Amino acid sequence: MLNEFSRTELLVGEEGMRKLKNARVAVFGIGGVGGYVVEALARSGVGALDLIDNDRVSLTNINRQIIAAHSTVGRYKADVARERVLDINPEIEVCVHKLFFMPDTADRFDFYSYDYVVDAIDTVTGKIELVMQAERTHTPVISSMGAGNKLDPTAFQVADIYETSVCPLARVMRRELKSRGVEALKVVYSREKPLLPKTEGDAEDETDTAAAKRQIPGSVSFVPSVAGLIIAGEVVRDLLNKD
């Protein structure tokens with residue numbers, strides 16, 4: 001019988017589809033990268049998603065975020081993503097958490113309940129805490145490094161954090177994770193050197209004050225989307241290979 005995932009089943013088989021349907025994945029950060037992760041996981045047949053983000057869609061998100069359109073400006077990103085996911089697969093279980101993940105909110109999440117965790121957030125403090133929580137519970141995690149100020153979507157690679165180079169965010173993460181005794185972390189990063197923005201960008205309409213205070217990077221539609229799709233592909237493959 002044909003269904004939404006018939007073409008996927010041709011590649012992964014009935015048992016593979018069962019594994020994906022029974023999987024629960026948490027995506028932290030529903031922006032340029034995370035939005036495409038959510039989209040691809042939903043279209044792959046993953047049965048349960050937790051969407052974590054307290055940001056709202058802004059006008060400047062439209063150039064690169066799959067959930068952003070004039071009709072969604074001002075709405076919570078997690079709510080918009082949930083609507084898209086349920087329109088793709090009405091049977092999927094979606095849990096929305098409208099908050100920013102930081103050390104002081106980490107105790108609101110049961111990492112033991114996740115089969116996989118995706119880190120697509122921006123703040124170093126949040127990323128480190130997310131990795132440490134996943135490390136504590138032995139939950140598989142993949143982390144997105146910097147996608148801003150880049151124009152080459154072919155420069156992305158999947159690697160361990162300690163094998164990365166060029167990326168400034170990866171350099172900080174390597175240092176911080178090494179000091180905490182983390183031995184490995186799967187990441188998606190770009191070997192393209194960050195470009196200098198040609199003009200100063202206006203601050204985003206964000207409730208994340210830390211993000212609002214730092215320099216706003218330039219971005220395009222075809223870079224963060226590629227990072228997100230690569231991450232989703234890694235998650236799906238790992239779930240399929242899970243015993």
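**Ground rules.** I worked on a predicted model, where local features need pLDDT of at least 70, side-chain atom pairs count only at pLDDT 80 or more, and totals for chains, interfaces and linings use all residues. Residues are numbered from 1 along each chain as its sequence is written, and side-chain values use heavy atoms, with hydrogens and water left out.

**The sheet.** I took helices (H or I, at least four residues) and strands (E, at least two) as DSSP runs, numbered from the N terminus. Two strands pair if DSSP finds at least two bridges between them. I found an open sheet of 7 strands with mixed pairing, in the order E3-E2-E1-E4-E5-E7-E6. Its edge strands are E3 (93-97) and E6 (156-160), each pairing on one side only. Neighbouring strands are turned by 20° against each other on average, direction ignored. For such angles, axes are lines fitted to C-alpha atoms (for helices over the stretch in contact), and angles run from 0 to 180 degrees between N-to-C directions.

**Strand E2.** I followed E2 (residues 48-52) to its partners. E2 pairs with E3 in the parallel sense over 5 bridges, and Ile52 stands opposite His97 in E3. E1 and E2 also pair in the parallel sense over 5 bridges; there the bridge partner of Phe28 is Ile52.

Is E2 buried or exposed? I counted 5 of its 5 residues as buried, where buried means under 20% relative accessible area, exposed over 50% and partly exposed in between (1.4 Å probe, protein chains only). In a regular strand the side chains alternate between the two faces of the sheet. In E2, Ala48, Asp50 and Ile52 are buried on one side, and Leu49 and Leu51 on the other.

**Strand E4.** I then moved to E4, which pairs with E1 in the parallel sense over 4 bridges. Phe28 has Asp119 as its bridge partner in E4.

I read contact as heavy atoms within 4.5 Å. H2 (residues 34-44) packs on the sheet, touching E1 (24-28), E2 and E4 (116-119), and its direction makes about 165° with that of E1. Because 10 of its 11 residues are buried, H2 is largely enclosed by the rest of the structure. Its buried residues pack against H1 (6-21), E1, E2, H3 (77-88), E4 and H7. H2 is followed by Gly45, whose phi is positive, near 100°. H7 (residues 224-240) lies across E1, E4, E5 (141-144), E6 and E7 (186-190), running at about 165° to E4.

**A loop residue.** I checked Asp107, in the loop between E3 and E4. Asp107 counts as exposed because its relative accessibility is 69%. Asp107 and Gln133 are 26 residues apart in sequence and 9.4 Å apart in space, C-alpha to C-alpha.

**A pocket.** Last, I looked up the second largest pocket. A pocket is an open set of points on a 1 Å grid over the protein atoms alone, with protein on both sides within 12 Å along at least five of seven lines; lining residues have an atom within 4 Å of a point. The lining includes Asn3, Glu4, Phe5 and Gly45.

Methods
On a 1 Å grid over the protein atoms alone, a cavity is a set of points where a 1.4 Å probe fits but cannot get out, and a pocket is an open set with protein on both sides within 12 Å along at least five of seven lines; lining residues have an atom within 4 Å of a point.
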